[in-house]
Amino acid sequence: MSTSSDARLSRSAVTRIVIACFIGSTVEWFDFFAYAAASALVFPTLFFPGLSPVAATLAAFATFGVGFVGRPLGGVLMGHFGDRVGRKSMLIISLVGMGVATFGIGLLPTYEHIGVFAPILLVTLRFLQGMAVGGEWGGAVLVAVEHAPERKRGLYGSFVQMGIPAGVILSNIVFLVASEALSPESFLAWGWRVPFLLSAVLVGIGLTIRLSLTETPQFRKALAAQKLSRTPVAEVLRTSWRQVILAAGTFVAPNAMGYIVITYSLSYTTRILQLNRNTVIWAILAASAVWLVVAGSVAAMSDRWGRRRVLILCLSALTMWSLVFFALLDTGSFPLVLLALVVLAALQGAANGPQAALFAELFETHVRYSGISLAYQVGSILGGGVAPFLATALYDIRLSTLPVTGYLVLISIVSLGCAFAIRESGPRHQQMSSRTESRPGLHTHE
């Protein structure tokens, strides 16, 4: 079945929709990644002052990981209602929830003022951030992909993926400007709050844009035909559990590598290698810009060559680069550090770009929001949720990056194996499915 939206919306209207998805996704991930930067730079000192530097860093990264615990719950709840009520309303709820939690972190007293209640409240607000972003990705992907012309699902879905590095860039720029403009004492006292408080303005912009979105043609058709699931999460686990597991598996390594770039590398290069903090932030910004461009370009390629083939190539390259990444960092040479970060970001962005369309094409319309949210969030927990913490702990065992390298190689092999096992869902498979009457890549429950 064709999923082209051309009969319902003009090309310019669909283009506006995916741009709106990009902007909204950028705002959500700005909020989420502002926490990532703060957990590497200031939270160990402000919220865990009684611990050793290593223990405080581990504690800060553990609170960072709490957001990933909240993500599956948000994915399940918003996936359920997204499949029952619609995609658009969940996008609005997720954006408001993220804004409230992020603004609250910006107002949060530190350990010096309220003692142990400070890290407790920090964890609570981080959990709410996780719930919000857990429902965000699935809704944004479906608004883009279900509105997309049939042969451009990869490209349109990649606008949501590109919002991730855009959020990294925006959050790091704000942190960089604040740290450059203020003395270290002022930045630690109040400057770190600026990115969190600024989120109120960005959420207002994003909310205005999202209120103008239309519901997707795919969901409207399923709603009109009364072909919705009463319990979409239970149904997808009963009928499509293999797709959930394999899709989640393909996401583990790209997600972990992304957080190695934007979170752990910042901590490692400044705390262990003693590199200048702002210099490293600029390197991460450059890497994130490459990530953004590559994600969109490779996703567009997957529209021609197929998702699975492109994903296997990207994950193979990612596995190889993970072998040398820390060796380059450990030189302490800025050109080599920059090279390590840029290439890793490019490869994980290349693997991540086509995954929006890939995930959407694995599930039927009436359980699609639940299916892709479960797969994405499970992969995020096993990938990025534990990556900074595990990398810190593994390094501290032997004061060497070799165990960390082994960890990156292992998860890359796992994701590559899942990519080999997953069913092809690209354009070539869609053409074949119409002849063989196998389940098409993207369809309603008919």
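In which crossing, left-handed or right-handed, does H12 pass H14? This is a predicted model, where local features need pLDDT of at least 70, side-chain atom pairs count only at pLDDT 80 or more, and totals for chains, interfaces and linings use all residues. Residues are numbered from 1 along each chain as its sequence is written, and side-chain values use heavy atoms, with hydrogens and water left out.

**View 1. Helix H12 packs with helix H14.** Here H12 (residues 241-271) and H14 (residues 307-322) pack at about 45°, with axes 11 Å apart; helices are DSSP runs (H or I, at least four residues) numbered from the N terminus, and axes are lines fitted to C-alpha atoms over the stretch in contact, with angles from 0 to 180 degrees between N-to-C directions. The crossing is left-handed (near helix turned anticlockwise from the far one by less than a right angle). On the H12 side, Thr250, Ala253, Pro254 and Met257 make the contact (heavy atoms within 4.5 Å).

**View 2. Helix H6 packs with helix H18.** H6 (residues 117-145) and H18 (residues 368-385) pack at about 130°, axes 9 Å apart. They are therefore oblique to each other. Among the residues that meet are Gly134 and Trp137 in H6 and Tyr369 and Ile372 in H18.

**View 3. Phe325 sits in the largest nonpolar core.** Phe43, Trp192 and Phe325 touch the most other members of this 128-residue core (buried Ala, Val, Leu, Ile, Met, Phe, Trp, Tyr and Cys residues joined through side-chain atoms within 4.5 Å); buried means under 20% relative accessible area (1.4 Å probe, protein chains only).

Definitions and conventions:
Helices (H or I, at least four residues) and strands (E, at least two) are DSSP runs, numbered from the N terminus. Buried means under 20% relative accessible area, exposed over 50%, partly exposed in between (1.4 Å probe, protein chains only). Angles under 35 degrees count as roughly parallel, over 145 as roughly antiparallel, 65 to 115 as roughly perpendicular and the rest as oblique.
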